[in-house]
Amino acid sequence: MNPTIITRDQHCISRKNISSGCLKVLYTLNDAGYQAFIVGGAVRDLLLGKQPKDFDVATDATPEQVKAEFRNARIIGRRFRIVHVIMGREIIEVSTFRAGNTDSVEIQGEKLARSVKHIDSAHSNSGMILRDNVYGTLEQDVMRRDFTVNALYYTVRQFVVHDYVDGVTDLDNRQLRMIGDPEQRYREDPVRILRAIRLSSKLGFNIEEQTAAPIKPLAQLLDSIPAARLFDEILKMFFAGSSLQVFNSLQKYDVFKHLFPETAKELKHNEMANKLLCLAFASTDQRINDLKSVTPAFLLAAILWPALQKIYKQNLNHKMPPMVAMHQAAQSVVSEQINHISIPKRFSIPMREIWEFQLRLPRLNRANTTITHKRFRAAYDFVLLREQSGEDLQGLGKWWTEYQEADLEQREKLLAPVKRGRRHSKSGRRRVKSAEK
Ligand code: ATP
Ligand code: MG
């Protein structure tokens, strides 16, 4: 198999845009007599004139041989052994050319080990490890990659790009095309469905027709992916600045229901829920593009809110007190959701606090203490989000906006009607109650 060689004068990749650590790794490996290429998303992004977020290197040197060439390098991973070369503050991931469908073996192996109890997992694990570290040639390494635009190899020997799969043509046409038979490749590793959606959204690319066709029919295969791997994928999908695009695409291809099934049911008939999610994604993208901080806890709180509300309302109908109803609903939503996508405690705890604060914010008489809580700001933002999506909270967001901006004297004034209301009339309570629902 002969690659198309894109020579230095035919592409826009300049060493200026490649990190010094990565260049050093390439030259060191070359000097030691090994092949070394920048691969994957980095070449794709460089050719698109974008700054890559990290650099991956592929080589014919084994992990041990790579490690021997650098002062600060460590071999990581059990199934795929790759080398992290540490260059100052940068980590360059160096992987040895791999053969064939090693990803699929891993996925299926993991699946077997996890879900089919009568299969000896040690056996499937050992099979997995054996087959996973089959090293291969450059050509085999190309063919195991997912999309043609992700399978371009750049070398500092002559500064050329090796293209075995017409990736540059697809890049020019701004389309994602699966290498090989799309259906088979999705079956080998269903996460490629999410990668197609993520990368097309992030790059503004089309998914080529035959690559797109199996997505809907095969989306259910995602149900068999370990929840922890899906969580990692979700972070990549929703925190790269194009989450709204990703969400629309997940809906278009009927994939969203395999990730967040309970919310997906609500979205079918609940316009406000749709709006809430779209607004949450749009504001996440905005914050990322403005280089502001974002937390998965807030976005997950929004994504799961429609599912939570359904159970919360049922609980209220069963005469549970609001706090108990909320607590139980949160418990139930989280324990259902983690069957599909795991949510580490460092995110699920603040997420639940944001939800519980939706009951605390309407208790205006406690504003002085509520405002000091570390979850207040996120909970307040969440109130604004609910209002923007069309929920009538009787001016709760505006009240809190004014309260935060007010000095001590003004705060007293804002609180006066609330306190009077508590003593003399029911208006204060009424406001609280209606906002709770
Ligand atoms: P990003 O810029 O978002 O990191 P990426 O394409 O670099 O996108 P990575 O997850 O960093 O994505 O993967 C690096 C490369 O490894 C990909 O470009 C692709 O060639 C290959 N790859 C990653 N995941 C898979 C997969 N599930 N199946 C086949 N190839 C994959
Ligand atoms: Mg990458």
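This is a predicted model: local features need pLDDT of at least 70, side-chain atom pairs count only at pLDDT 80 or more; totals for chains, interfaces and linings use all residues.
Student: What makes D189 a polar contact of ligand 1?

Tutor: A polar side-chain atom of D189 lies 2.8 Å from a nitrogen atom of ligand 1. The cut-off for a pair of N or O atoms is 3.5 Å, so this pair counts as a polar contact.

Student: Why do R145 and R195 count as polar contacts of ligand 1 too?

Tutor: In the side chain of R145, an N or O atom is 3.0 Å from an oxygen atom of ligand 1. For R195, a polar side-chain atom also lies 3.0 Å from an oxygen atom of the ligand. Both pairs are within 3.5 Å, and therefore both qualify. As for cover, ligand 1 has 600 Å² of accessible area on its own, and the protein covers 86% of it.

Student: Which residues come nearest to ligand 1?

Tutor: There are 19 residues around the ligand, and R44, K53, D189, R192 and R198 come nearest. To be counted as near, a residue needs a heavy atom within 4 Å.

Student: How do you know where ligand 1 sits?

Tutor: Ligand 1 sits in the largest pocket. The test asks for more than half of a molecule's atoms within 2 Å of the grid points, so ligand 1 passes it for this pocket. Two or more residues of the shell come from each of α2 (41-47), α9 (191-203) and α12 (227-238). Of these, α9 gives the most, with five residues.

Student: How much space lies in the largest pocket, and what lines it?

Tutor: About 1400 Å³. Its lining has 41 residues, with D56, F80, E93, R195 and K236 closest to the centre. Elements giving two or more residues to this lining include β5 (82-87), β6 (90-96) and α4 (102-115). Again α9 gives the most, with six residues. By class, the lining has 23 charged, twelve nonpolar and six polar residues.

Student: What volume does the second largest pocket have, and which classes line it?

Tutor: Its volume is about 580 Å³. Of its 25 lining residues, S283, R287, S293, F298 and D381 are closest to the centre. Helices α16 (271-289), α17 (296-317), α19 (345-360) and α21 (376-388) each give two or more. The lining divides into twelve nonpolar, seven charged and six polar residues.

Note on methods: Residues are numbered from 1 along each chain as its sequence is written. Chains are lettered from A and ligands numbered from 1 in the order in which they are written. Side-chain values use heavy atoms; hydrogens and water are left out. A polar contact is a pair of N or O atoms within 3.5 Å; within protein, one must be able to donate a hydrogen and the other to accept it, and residues adjacent in sequence count only if both atoms are side-chain atoms. Accessible areas come from the Shrake-Rupley method with a 1.4 Å probe; for residues, only the protein chains shown count as cover. On a 1 Å grid over the protein atoms alone, a cavity is a set of points where a 1.4 Å probe fits but cannot get out, and a pocket is an open set with protein on both sides within 12 Å along at least five of seven lines; lining residues have an atom within 4 Å of a point. Helices (H or I, at least four residues) and strands (E, at least two) are DSSP runs, numbered from the N terminus. Grid points are joined across faces, edges and corners, and a volume is the space filled by probe spheres set on the points. Ala, Val, Leu, Ile, Met, Phe, Trp, Tyr, Cys and Pro count as nonpolar, Asp, Glu, Lys and Arg as charged, and the others, Gly among them, as polar.
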